[in-house]
Amino acid sequence: MKKNNDYYSSIHRLGRISTLIVIILMFMIPIVTMFVFNIKVDWKTTLAAAAQLCIVFIPTQFTEVVSFSPILGSGGTYLSFVTGNVSNMKLPAASSCHKMAKVDPSSDEGEVISVLAIGASSIVTAVILFLGIFLLSPVVKYLQSDIIQPGFNNIMPALVGAMLMPYLLKKPKIAVVPFLIALIAGIILPAATYSNLQGFLLLGTMVISVISVIVMNRERNIR
């Protein structure tokens, strides 16, 4: 027990420090660019644009942290949100490794596997990105051709769909209502409106899932 507490304490301490360092480095990029190239910023316009982005992305990011953390684990959550590409790279990597190792994501083994999977995914992504800088330039025009480009536009549905089905089949009674709500909203709403409301939709379906579990457990206890 003491070892577990020491592990999680050190993970949270390291996660907070590394996240703070990354945030500072991210802000340093525009600040250094501004001073080096003597760029004058219209703060009123910048803050107005930033406010609009925050309205859309803060609920989405908050919901992603809350909903993905049970799968990613403590260390995996810090590592994923520091390195980025959470929903289309880090989450599928952690989820696939849990299934291959046949461990529960909430267990200590699941925590360790998440960190290893997400760390490996981050290293592979960085290596591929580095190689791509030098090797992909000659073939970019072929990848953007009318024949191949539609395939790249459907990478996200392929990734998320393959990851979604096991969870739908694992708890179909709980998963069916949030799934149908998202499906109907996606059909009814225009794509741009759906993207803007995605964070609120995620939050709403999470609440529905939690309420469904509470109700089902209560009925089970009554029987």
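Analyst: The model is predicted. The ring-pairing rule gives a count of one aromatic pair.

User: Why is the pair of Tyr7 and Tyr8 called edge-to-face?

Analyst: The ring centres of Tyr7 and Tyr8 lie 5.1 Å apart, and pairing requires centres within 6.5 Å. Their planes stand at 80 degrees. Planes over 60 degrees apart count as edge-to-face, so the pair of Tyr7 and Tyr8 is edge-to-face.

User: What makes Tyr8 partly exposed?

Analyst: Tyr8 has a relative accessible area of 21%. Buried means under 20% and exposed over 50%, so Tyr8 is partly exposed. Tyr7, at 29%, is partly exposed too.

User: Why are H3 and H4 called oblique to each other?

Analyst: The axes of H3 (residues 86-101) and H4 (residues 108-135) cross at roughly 135 degrees. Roughly perpendicular covers 65 to 115 degrees, and roughly antiparallel needs over 145. H3 and H4 are therefore oblique. Their crossing is right-handed. The residues of this contact divide into eight nonpolar, six polar and one charged. Among those from H3 are Met89, Ala93 and Cys97; H4 residues include Ile113, Ala117 and Ser121.

User: How do you know that Lys102 is exposed?

Analyst: Lys102 has a relative accessible area of 76%. The cut-off for exposed is over 50%, so Lys102 is exposed. Lys102 sits in the loop between H3 and H4. Its phi is positive, about 55 degrees, although Lys102 is not a glycine.

User: What makes Asn38 exposed?

Analyst: Asn38 reaches 64% relative accessibility. Exposed means over 50%, so Asn38 counts as exposed. Asn38 lies in the loop between H1 and H2.

Key
Residues are numbered from 1 along each chain as its sequence is written. This is a predicted model: local features need pLDDT of at least 70, side-chain atom pairs count only at pLDDT 80 or more; totals for chains, interfaces and linings use all residues. Side-chain values use heavy atoms; hydrogens and water are left out. Rings of Phe, Tyr and Trp (its six-membered ring) pair if their centres lie within 6.5 Å; planes under 30 degrees apart count as stacked, over 60 as edge-to-face and the rest as tilted. Buried means under 20% relative accessible area, exposed over 50%, partly exposed in between (1.4 Å probe, protein chains only). Axes are lines fitted to C-alpha atoms, for helices over the stretch in contact, and angles run from 0 to 180 degrees between N-to-C directions. Helices (H or I, at least four residues) and strands (E, at least two) are DSSP runs, numbered from the N terminus. Angles under 35 degrees count as roughly parallel, over 145 as roughly antiparallel, 65 to 115 as roughly perpendicular and the rest as oblique. A crossing is left-handed if the near helix is turned anticlockwise from the far one by less than a right angle, and right-handed if clockwise. Contact means heavy atoms within 4.5 Å. Ala, Val, Leu, Ile, Met, Phe, Trp, Tyr, Cys and Pro count as nonpolar, Asp, Glu, Lys and Arg as charged, and the others, Gly among them, as polar.
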